[in-house]
2 protein chains.
Amino acid sequence: MNGQMSGNKKSKVFSKNKHVQELLRISGTLADVACAAGLLSWDQETYMPPKGAGARAKQLATLAGIYHDKATSSELGKLIRQAKPQNIYDKALVRERERAYRKETKLPKKLVEELSEATSRAFNIWQRAKKESDFSLFEKDLGGVLALSVQAAKLLQKKGQTIYDVMLDDYEHGLTEKEVERVFGEIKPKLTALSKRWSKTTAGADLKIANKGYEWQKQWDFGIRVIKDMGYDLDAGRQDTSAHPFTIGFGVGDVRITTWKNEQDLRPALFSTIHESGHALYEQGIDPRLERTILGNGTGLSMHESQSRLWENMVGKSEWFWEKYFPSLKSHFPSLKKVTSDEFVRAVNVVRPSLIRVEADEVTYGLHIIIRFEIERELVKGKIKTKDLPKIWNQKYKELLGVAPKNDREGVLQDVHWAHGSFGYFPTYLLGTMMAAQIFATAQKQIDVTNLKALREWLRVNIHRYGKVYTSSELLKRITGESLNPKYFVEYLQNKFNALYNFPQ
Amino acid sequence: MNGQMSGNKKSKVFSKNKHVQELLRISGTLADVACAAGLLSWDQETYMPPKGAGARAKQLATLAGIYHDKATSSELGKLIRQAKPQNIYDKALVRERERAYRKETKLPKKLVEELSEATSRAFNIWQRAKKESDFSLFEKDLGGVLALSVQAAKLLQKKGQTIYDVMLDDYEHGLTEKEVERVFGEIKPKLTALSKRWSKTTAGADLKIANKGYEWQKQWDFGIRVIKDMGYDLDAGRQDTSAHPFTIGFGVGDVRITTWKNEQDLRPALFSTIHESGHALYEQGIDPRLERTILGNGTGLSMHESQSRLWENMVGKSEWFWEKYFPSLKSHFPSLKKVTSDEFVRAVNVVRPSLIRVEADEVTYGLHIIIRFEIERELVKGKIKTKDLPKIWNQKYKELLGVAPKNDREGVLQDVHWAHGSFGYFPTYLLGTMMAAQIFATAQKQIDVTNLKALREWLRVNIHRYGKVYTSSELLKRITGESLNPKYFVEYLQNKFNALYNFPQ
């Protein structure tokens, strides 16, 4: 690690205040338990044999219970009140510990364990339901997870907060339903217009690369090469396959990503690999002195998503990126023999209203998120019933994107989030996407962003190393000088597509 | 699952005594924490990236500390005293819980955490030291682990027990240094004589199969086919590769094995796969109603080893086994084109005093164990210093086996056990090997052992399903009608080799 904050691994950033030190000791234990539970989850989604599911659910529930006990001890509560923060690190520590403490103490242990067991079971049922493309198999378990999630949110609700506010706050501190409505309200018509505008122009631009054969091992190797160039450290991480790509870290020295296999198209694995590496670079780039404290992970999920989206879209789908990488990609795959670099960049930037969120282009992606936001907001209010989800899902897709899922697998069952009880998570994807454009615009003014290592270092110094010391909105303001402004994303899209098709800007 | 004990998964084997029920609840939590730590260890030896080692050591130490706290609570102590066991299951539960409680309460939490962290670190250093074949890298950490292990044993020592007795008892309840000396004393001259006798006769019998090319994927597939035939359930387990093959279970539905890769010789992977599956069948065969109790694993390690050795040797190195499997094996590997089934069986039964324990034949294997026993017994007494280990190791090999390691990798660094702090573990390998012969002799009288599924079922009904309800020696006596008797192993070896070379018996 380079940079002022992490020049000397042995130096401490926290003060010697004895309550702060004691808070750090307890935080270390809590971080260890959380990492252990994290590894059990990672394994559950990568290597666990199917008959291990029942026992695994119990193990996760037990660890959640132990975490809860330790995170709600009166000793901890007292320490939080007594601590005298001496610097920004102390202050962030106490702030985050206090926030977590409030959340944990309001939830009875039984509920925490039930929720953990219910989501673990629901995940396994979701996998089967998705495989069999049958939402009815999953409905009951989803209903159980939803009811427990709402019950938990009610216990955490502050005056003036909606249930959904509470859920949003879990992923992005201070985020509200109203604010999401406002920002999404602003961007929705623009994305709809851009979608109509560019889906016509770009139609068919990927015919030469879609539905061909791409040998899996070569896809894997190429992806690994790209993420190494980005600076992803494979001695401090690894890639595996899973039903749904994700990133998970167990300290700065062990941040893992997963991808998924598709031999007909090289885009799903390639862009998920770049996307997850964007997340992983964030976690690998955190100041090691924050490890095993509550500050040793990325701050709110919007900022996290800004990192993955920045690498996936602003870098991985840019003309300059493929000028460099296309010759090598082409040499790996016979299917690309007759494709030029220009054609390839247009092919990975086709705007096409479609069914699967994680394969969506940059323009329509936001509409996928807006659909999920509009549904889950009503779901937690009880205005939408779980049994009606496939119908409503399909209607919304028809309305906003003009496409209709043929079955549950490509419809309401495509995402894992609700099985995990992660209501309020989806909005951070679009917020992060907008943040990415805003951050990238600043980076472009300060460095040569086509130098991947330099870009990674700029992100590390400006964002990654701070962990949770600053919140997403504080960081964004520090870096870009202003709050989240959707105009950067709209401008970015307009400029990009105009350039791709040589329209005057 | 079939069989009387597990016919109905929902029926309970334990009584409704409220203290027993409360003991089961606490046992469930403890089992979950142990399984979580187990998964962290599995991952550490299979997939963890190298830079994750430091944080992993801390995570394992924290889980060990949590386990220790829960296993030593005064609530648990009180319950053990109050419980009124109603049947054999209750009795075994209280017995095992009490035994564990005594051990756990005598060890201060700090020592438990130190030991966990020290062994975790030592494991990583051992991997590097082995790779670089340099014992000096490992010496200091081994010394640390040894000192902590001795310190722990001293705290557990009962009147009349040696330090090494305490260590043995950890792996096989009631086993003593004296008894090991007696049994090993009886078998040592016999193995030495057999080794001399048969190493001459069998010399060169594997020249046609050793040091050829065997494609790894085909080795893997063949191994998987064999263990499926044995009844290993791959929906309740999986195989991976690691530096040293091992078996680990997280409940009856998730019992994993590992093997190691060798493309020059097919024996190391094949026989380790069969060996570890023998262990895994034991764990997969335990009555599911014992899961998450302290009874839900195999009983003492000798009995566990008897299962792996029985499959590896009595089955996997027999003439009848290869009569069935050799044609298929041969069809996979060009190197075997000119080898007959008879030649192959002789080749996998070459008696050759050699350097690596896990690749040793059935005759000399015991001598490898006796060497380790003789060394570690003196090591814990302080009569051997860690710095002298390579020298003493090499001397013993020269004396007993007539061979001398050229370097530390093929000498003192070959086994992981001491890095894990597992002193007193090795003897169970030879005891288990002898038990296997005794059990197999009984099985041969009762069933057609060449029917692998029938053999597995016989073992399941007679041994596996009971978990820790009976101790190793109780089980052995129930099955065979007598205590451990080395004559069965000697007779088995004599008969086998006489038959292989058509000598009159």
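This is a predicted model: local features need pLDDT of at least 70, side-chain atom pairs count only at pLDDT 80 or more; totals for chains, interfaces and linings use all residues.
Residues are numbered from 1 along each chain as its sequence is written, and chains are lettered from A and ligands numbered from 1 in the order in which they are written.

Two copies of a chain are related by a rotation about an axis and a shift along it. Here, when copies are superposed by least squares on the C-alpha atoms of residues with pLDDT of at least 70 in both, chain B can be laid on chain A by a turn of 180° and a shift of 0.0 Å along the axis, with an RMSD of 0.0 Å. The two copies are thus related as by a two-fold rotation axis. Among the residues of chain B, the one that comes closest to this axis is B:A36, whose C-alpha lies at 3.4 Å.

The meeting of the chains can be described through contacts, two residues being in contact if their C-beta atoms, placed from the backbone, lie within 7 Å. By this criterion, 32 residues of chain B are in contact with 32 residues of chain A. On the side of chain B that touches chain A, α1 (18–46) and α2 (53–71) of chain B each supply at least two residues, and the largest share, eight residues, comes from α1(B); helices (H or I, at least four residues) and strands (E, at least two) are DSSP runs, numbered from the N terminus. By class, this side of chain B has 15 nonpolar, eight polar and nine charged residues, where Ala, Val, Leu, Ile, Met, Phe, Trp, Tyr, Cys and Pro count as nonpolar, Asp, Glu, Lys and Arg as charged, and the others, Gly among them, as polar. Because 100% of the interface residues of chain B are also interface residues in chain A, the copies meet through the same surface.

Within chain A, three strands form an open sheet in the order β1-β3-β2, with mixed pairing; two strands pair if DSSP finds at least two bridges between them. The edges are taken by β1 (239–241) and β2 (247–249) of chain A, each with a single partner strand, so one side of each is left without a neighbour in the sheet. From one strand to the next the twist averages 25°, with axes taken as lines fitted to C-alpha atoms, for helices over the stretch in contact, and angles running from 0 to 180 degrees between N-to-C directions.

β2(A) and strand β3 (residues 255–259) of chain A run antiparallel and are joined by three bridges, with A:G249 opposite A:V255 and A:I248 partnered by A:R256. Helix α10 (residues 267–284) of chain A packs on the sheet, where it touches β1, β2 and β3 of chain A, and its direction makes about 170° with that of β3(A). β1(A), by contrast, pairs with β3(A) in the parallel sense over three bridges, and the bridge partner of A:T241 is A:T259. The hairpin of β2(A) and β3(A) has five residues between the strands, and in it A:G251 takes a positive phi near 105°.

A residue is buried if 20 or more other C-beta atoms lie within 10 Å of its own, exposed if 12 or fewer, and partly exposed in between, with C-beta atoms placed from the backbone. Five of the five residues of β3(A) are buried, and they cover both of its faces, with A:V255, A:I257 and A:T259 on one side and A:R256 and A:T258 on the other.

In soluble globular proteins, nonpolar side chains tend to be buried together. A nonpolar core is a set of buried Ala, Val, Leu, Ile, Met, Phe, Trp, Tyr and Cys residues joined through C-beta atoms within 7 Å. The largest such core in this model has 280 residues, and those with the most contacts inside it are A:A36, A:L63, A:L93, B:A36, B:L63 and B:L93. Not counting residues up to four places away in sequence, A:L93 touches A:F14, A:V20, A:L23, A:T293, A:I294 and A:L295.

A:W458 is buried, with 20 other C-beta atoms within 10 Å, and, leaving aside its neighbours within four places in sequence, A:W458 is in contact with A:A443, A:Q446 and A:I447. The C-alpha atoms of A:W458 and A:Q446, which are twelve residues apart along the chain, are separated by 9.0 Å.
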